[in-house]
Amino acid sequence: MTDPLLEVRNLRVAYPSAHGYSDALRGISFTLGREKLGIVGESGSGKSTAGRAIMRLLPPKARVTADALRLSGFDLLGASERQMRDIRGGRIAMILQDPRYALNPLKTVGAQIMESYRIHIKGSRAEARDRMLAMLEDVRIRDPQRVTGLYPHELSGGMGQRVMIAMMLIPSPKLVIADEPTSALDVTVRGQILDVLNERVEAQGAGLILISHDLPLVSDFCDRVLVMYGGQIMEELAAHDLSQASHPYTIALNASLPPLDHAVDELIVPEYDPTWLTEATE
Amino acid sequence: MTDTPVMQPRGSLREWLRAPTASSPRQARAQAVWRGWQRLITNRAAFAGLIVLLILVTLAVVGPWLTPYSVMGQDLSVRLQPPSAQHLLGTDDLGRDILTRILYGARITLMMAALVAVIAGPIGLAVGATAGYLGGWFDIVAMRLVDVFLSFPSLILALAFVAALGPGIENAVIAISLSAWPPIARLARAEALTVRKSDYIAAARLQGASPMRLIMKHVMPICLPSVVVRVTLNMAGIILTAAGLGFLGLGAQPPSPEWGAMLASGRQFMLTSWWLAATPGAAIMLVSLSFNLLGDGLRDVLDPRND
Amino acid sequence: MTTPSLEIVSLSVAFGHGRASVQAVDKASFRVARGEAFGIIGESGSGKSTILRAITGLHDGYDGDVLINGNPAPRPRNRDFFKTVQMVFQDPYSSLHPRRMIRATLMEPLEIYRLDRREARIAQVLLDVGLAPEFAYRYPHQLSGGQRQRVAVARALLLEPEILLLDEPTSALDVSVQAGVLNVLNALRRARGLSYVMVSHDLRVVAHMCSRIAVMTQGRIVEELTVEDLRAQRATQPYTRTLIAASRAAVTAD
Ligand SMILES: Nc1ncnc2c1ncn2[C@@H]1O[C@H](COP(=O)(O)OP(=O)(O)OP(=O)(O)O)[C@@H](O)[C@H]1O
Ligand SMILES: Nc1ncnc2c1ncn2[C@@H]1O[C@H](COP(=O)(O)OP(=O)(O)OP(=O)(O)O)[C@@H](O)[C@H]1O
Ligand SMILES: [Mg+2]
Ligand SMILES: [Mg+2]
């Protein structure tokens with residue numbers, strides 16, 4: 001049997017806190033083939049932490065252990081920082097949750113995308129420029145010529161997210177981790193962007209992990225879904241079964257959406273387990 | 001739907017400090033200091049640097065009471081004695097006890113370094129943060145000035161100032177400060193540039209904050225950690241520059257026990273009596289090294305996000 | 001007719017020069033009555049945030065008029081203006097100073113305006129947005145996204161403004177946390193008669209909060225609907241129609 005694209009077995013992450021370490025991930029395991037995997041779960045349940053752990057992007061003081069963390073059989077946990085630099089952005093790309101924060105505020109958007117291309121592909125400047133413009137057009141940026149000359153603070157919220165997506169997809173990675181890639185976009189553009197993502201992933205035979213709190217979107221777009229809670233995987237479902245999910249969080253989420261066709265006075269706020277707050281403060 | 005953090009019962013001081021959430025301004029501040037302290041002591045190198053510096057400062061303060069000799073008292077009968085039980089670090093060409101002079105010299109050297117840090121740090125921070133935040137002509141003028149200063153090696157620059165002001169410790173301090181602030185301003189400006197367009201600065205403007213307040217209360221705290229780290233790391237350079245000036249006869253004047261001046265006068269006996277030059281040299285190195293170690297660790301300590 | 005709380009007349013904002021220039025907002029006009037919530041929806045990059053930033057004076061180079069209670073807003077904006085108009089930013093991750101304790105952030109406007117009873121005001125405003133007083137002693141990185149956004153709302157409320165500009169106040173949040181923040185905003189508006197201008201890309205949020213809604217594409221306000229029009233799908237513009245259709249599809253999918 002061939003190796004799966006990504007294998008995660010018993011991954012644990014603990015962040016240092018005022019009194020010792022506190023767990024953010026408590027032993028999660030999953031494998032990923034050339035497919036689209038969704039991760040949903042409440043705020044603070046460890047979704048971003050899982051993505052960052054795979055990229056080895058956690059703060060140095062975080063404690064990471066796993067029985068296995070492999071990309072096509074290659075041990076990510078034992079890799080040197082040098083090897084990781086090649087892998088990050090090259091073979092695995094992560095679209096971060098807060099794009100405008102993640103971009104360099106002092107460089108134009110165009111320069112940053114071209115840099116990401118040339119580090120991993122080694123083409124000429126002109127080639128990089130053409131690819132960059134094509135990529136920006138793919139993510140439905142109007143007037144890419146102008147946008148390449150803008151600095152991150154001059155982008156609108158949604159443009160920032162799309163620039164980040166363009167930057168991450170341009171070196172043709174084998175695994176894409178997208179952390180809330182479309183939260184600032186309206187449904188119409190969101191659909192188009194996800195189509196682009198889908199196209200890319202299928203054309204390259206890559207794998208995709210989509211982290212989101214938007215259940216309809218995940219159930220539409222992904223093949224499989226993991227539901228996380230408190231650093232653990234609560235259930236794993238085929239995406240189209242998501243509406244029949246049994247976890248209280250999943251049910252609560254559906255209930256608290258404002259309805260479109262009639263007015264309500266007050267929205268339903270799900271009651272939380274008090275434990276989640278104690279965790280959040282660590 | 002009130003979010004209530006889980007409270008811990010009040011207990012000892014330790015528990016009060018370790019409580020996951022504070023419940024008064026005093027506790028919050030105490031906790032912040034305590035956590036910084038925790039971060040510092042878990043960083044071994046930085047902690048070692050701090051301890052060495054504390055010992056040195058203590059020695060500099062109480063030093064004169066520890067030794068039976070006087071700094072200036074010459075005794076030509078014990079000239080150029082190697083280290084012995086009587087004179088732990090030997091004596092110099094005028095028969096003065098070197099350990100005594102090193103202890104007195106620590107006062108001068110540490111005082112100079114501290115003065116320079118206190119003068120150059122705030123000036124660099126203020127100029128850099130203002131230039132980075134305001135931009136425009138202020139930025140252009142300030143940065144051209146910095147460029148001019150940076151195009152000379154700092155010792156040469158300090159030399160030029162001392163030459164103009166005349167030799168002496170006070171003038172050496174002023175001269176070194178003048179050559180030490182530009183790199184700090186550069187650094188502070190770079191940090192300020194990254195935040196000037198950020199939403200939290202815009203939000204503060206919408207609260208009616210004046211530019212002065214924005215620079216002092218919002219931009220400077222962002223620049224501060226790297227400036228503090230930089231100044232601490234620069235301490236080594238400052239001490240060496242001070243020593244260099246002393247060595248060239250432009251800083252502290254003999255018979256003052258300043259380390260650089262001691263090193264300079266010990267130089268002529270280097271081949272016959274190595275301890276004259278080696279001991280002040282070692283002292284300079286020790287202080288520089290501890291400042292370096294401390295500076296490295298401070299970056300972690302100063303960032304509340306590193307909890 | 002009574003004077004509207006906020007009115008913008010033919011507001012235009014352009015960025016850049018020459019070939020790289022862009023008309024981010026093009027002759028936009030609308031009025032918001034006292035106690036009303038007015039929504040702005042539109043494509044990403046259509047100039048929604050820019051309108052709000054021009055109203056607050058963060059983008060000062062605009063053409064057209066911004067009228068507050070019938071009077072033109074001063075240029076540059078002064079402290080009186082900020083006492084009347086406050087804004088909550090799009091992104092809760094970047095709108096709180098990372099190195100200042102929440103208390104310091106909330107204390108700031110009180111110090112600037114030399115208000116009294118500072119501790120009591122902070123405790124009250126935190127209570128208003130549903131946070132326990134202990135949250136004042138945390139740093140932003142110790143809060144979840146929803147808690148940060150509520151702090152941002154609290155900061156905007158401290159000066160007791162009449163007009164609150166909300167830029168995507170919930171887009172970074174979990175739907176359940178979003179419900180909490182929206183409830184808080186609605187309760188405050190009713191209790192204090194505040195006027196809101198609320199930008200969002202989420203039709204459901206706008207429909208829940210606002211009574212009238214402007215639709216923007218490429219810097220222009222192309223139509224203005226009431227919430228009943230929106231619910232009954234009486235939109236004329238193609239963009240609005242597709243947006244409504246897509247939002248409905250997403251609802252019925254689950
Ligand atoms: N650098 C850090 N130091 C300490 N704790 C952290 C750090 N980063 C995250 N945490 C904590 O780890 C837990 C998981 O955080 P994570 O960012 O993975 O959540 P998430 O599922 O992505 O939530 P969201 O939907 O809000 O983005 C949270 O309780 C958080 O407070
Ligand atoms: N400071 C600036 N300099 C140059 N161009 C800018 C600046 N701020 C905004 N723009 C441009 O103005 C246009 C409108 O931006 P704006 O932020 O108002 O969009 P938006 O409607 O809020 O979009 P989103 O929903 O994605 O947040 C964009 O094309 C953006 O690039
Ligand atoms: Mg996250
Ligand atoms: Mg916007």
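The shell around ligand 2 has four nonpolar, 11 polar and five charged residues by class, where Ala, Val, Leu, Ile, Met, Phe, Trp, Tyr, Cys and Pro count as nonpolar, Asp, Glu, Lys and Arg as charged, and the others, Gly among them, as polar. This is a predicted model, in which local features need pLDDT of at least 70 and side-chain atom pairs count only at pLDDT 80 or more, while totals for chains, interfaces and linings use all residues. Residues are numbered from 1 along each chain as its sequence is written, chains are lettered from A and ligands numbered from 1 in the order in which they are written, and side-chain values use heavy atoms, with hydrogens and water left out.

**Ligand 2**
- Ligand 2 lies between chains A and C, and 20 residues surround it, the closest being A:R146, A:S156, A:G158, C:S49 and C:T50 (a residue is near if one of its heavy atoms lies within 4 Å).
- An oxygen atom of ligand 2 is 2.7 Å from an N or O atom in the side chain of C:S44, and an oxygen atom of ligand 2 is 3.1 Å from an N or O atom in the side chain of C:Q90.
- The protein covers 92% of the 640 Å² of accessible area that ligand 2 has on its own (Shrake-Rupley method, 1.4 Å probe; for residues, only the protein chains shown count as cover).

**Helix α3 of chain C**
- Nine of the 11 residues of helix α3 (residues 102-112) of chain C are buried, so this helix is largely enclosed by the rest of the structure (buried means under 20% relative accessible area, with a 1.4 Å probe and protein chains only; helices are DSSP runs of H or I, at least four residues, numbered from the N terminus).
- Among the buried residues of α3(C) are C:I102, C:L106 and C:I112.
- After α3(C) comes C:R114, whose phi is positive, near 50°.

Definitions and conventions. Buried < 20%, exposed > 50% of the residue type's maximum accessible area, 1.4 Å probe, protein only. Helix = DSSP H or I, 4+ residues; strand = E, 2+ residues; numbered from the N terminus. Polar contact = N/O pair within 3.5 Å; in protein donor to acceptor, adjacent residues only side chain to side chain.
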